[in-house]
Amino acid sequence: MSVTVVLGSQWGDEGKGKLVDILSAEIDVCARCAGGNNAGHTIIVPIGPERVPTTFAFHLLPSGLINPSCTGVIGSGVVIHVPSFFQELDALQSKGLDCTNRLFISDRAQLVFDFHQIVDGLKEIELGGSSIGTTKKGIGPAYSGKASRSGLRVHHLFDHTNFATKFRHIVEGRFKRYGHFEYDTEGEIERYKLLAERLKPYVIDSVVYIHKAISQGKRVLVEGANALMLDLDFGTYPYVTSSSTTIGGVCTGLGIPPKMIGKTIGVVKAYTTRVGGGPFPTEQLNDIGVHLQEIGREFGSTTGRRRRCGWLDLVVLKHSCWINGYDTFNLTKLDILDQLSEIKVAIAYKIDGKELDGFPADLDILDRVEVEYVTLPGWKSSIADTKTYEDLPDNCRKYVEFIEDHIGVPIEWIGVGPERESMVKKECKK
């Protein structure tokens, strides 16, 4: 099949953008299916005749746009803050990335407005000590409006009179719910009249576009946002995002049937990180956590928030595999473990000495689990310049193979540094 999917398998920030960038060199269309500009994919690639390493930060736009022959599509399941769309586009183009005639948005995609971002902050205040750690990008309130059938979609922008009427009605509803916060409703209506004109050339029926591409034999790559453990249904609810981050979200967010998906790649960091609130069984509030944080440069590309760090959790990974059915893995940031003399891997959760069958839905239970670890020897040497799997140190390969054997999914790609070239391709045994 012509559709390949890349999904995050932990709590996000696994490094999906780098793999998408590499794969996009051989694909025709890179599509986003869910989330909004709360995502953050950082890619470092050489630019210009002197091949200067240049950092590109993607939030809403598909990372595949780095490759000039790849077209980017933002699907129906994505929520779009139009000013941020243009801000990101302008920033990319200012670094020499020309996206002319190769970036499109679904006319069915839901819109995020500034009042959603204000409401996002107000909802966090309401939650008080139970704050879920939202990015304050308005993503949750926009999806709430979508689910309650009170939101606006991209196509609404092009009937300005109708848009203005609906927009006023929605904002008045928010005033009734949260009190009359400071917001220039009429100013926003005029602002979006201008934004609509600028946006119009980018808007398509993405269902038609994607299916035409597939029927013509074009290679389609779907770039997941966030990750399985932030999924609204299967993540650590309520400390999750507001969309489906699973393989199911690929189908509903782009309008493609499951049978058209040929390969699903899970991206997994060689250790575990998460941002915001919520239980984190393998979190290391010690020197190991600080080491992973500092050496791993664990700061969010969207918010700048310091990420919480811990050992690799294979209970999480197995839960993720059951739901998404990965064909292979991309193991990222393996080089961050270079200096450690020993490395722990979580293989089971126990309550009162009894092993749990899976990842628990009840966060009170998750807070109480006893984590069972296996300790593996480190390799105490740099792998940054490694080009082949066979050249990795013995203990490094043993770490990789332990993960494969425990989960039963082959590791196809291994990240050994931040640059595009720092990726080792491994032969997958069938």
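Is the crossing of α5 and α6 left-handed or right-handed? In this predicted model, the crossing of these two helices is right-handed. Two packed helices are described by the angle between their axes and the distance between the axes. Here the axes of helix α5, spanning residues 160-178, and helix α6, spanning residues 185-199, come within 10 Å and cross at roughly 145 degrees. On the α5 side the contact is made by His160, Phe163, Ala164, Phe167, Arg168, Val171 and Phe175, while α6 contributes Thr185, Glu186, Glu188, Ile189, Glu190, Tyr192 and Lys193. Sorted by class, this contact has seven nonpolar residues, together with five charged and two polar ones.

From this helix pair we can turn to the division of the chain. Domain 1 is made of two segments, 3-98 and 205-425, whereas domain 2 covers 110-201. The C-alpha centres of domain 1 and domain 2 are 29 Å apart, and the contact between these domains takes 26 residues from domain 1 and 25 residues from domain 2.

The size of an interface is often given as the accessible area lost when the parts come together. Between domain 1 and domain 2 the buried area is about 2000 Å², with 61% of that area given by carbon and sulfur atoms. Within the area that domain 1 buries against domain 2, Val79, His81 and Phe86 supply 28%, more than any other three residues. The count of salt bridges between the two domains is one. Arginine 198 forms a salt bridge with aspartate 90, and the closest N and O atoms of this pair are 3.0 Å apart.

A further part of the chain to examine is the loop between β10, residues 220-223, and α8, residues 247-254, where proline 238 lies. The peptide bond leading from tyrosine 237 to proline 238 is cis, with omega near 10 degrees. Asparagine 226 is found in the loop between β10 and α8 as well, and the phi of asparagine 226 is near 60 degrees, a positive value in a residue other than glycine.

Technical notes:
Residues numbered from 1 in each chain as written. Predicted model: local features only at pLDDT ≥ 70, side-chain atom pairs only at ≥ 80, totals over all residues. Heavy atoms only, no water. Axes fitted to C-alpha atoms, helices over the stretch in contact; angles between N-to-C directions. Helix = DSSP H or I, 4+ residues; strand = E, 2+ residues; numbered from the N terminus. Left-handed = near helix turned anticlockwise from the far one by under 90°. Contact = heavy atoms within 4.5 Å. Nonpolar A, V, L, I, M, F, W, Y, C, P; charged D, E, K, R; others polar. Domains from an automatic or database assignment. Buried area = accessible area lost by both parts, 1.4 Å probe. Salt bridge = Lys/Arg side-chain N within 4 Å of Asp/Glu carboxyl O.
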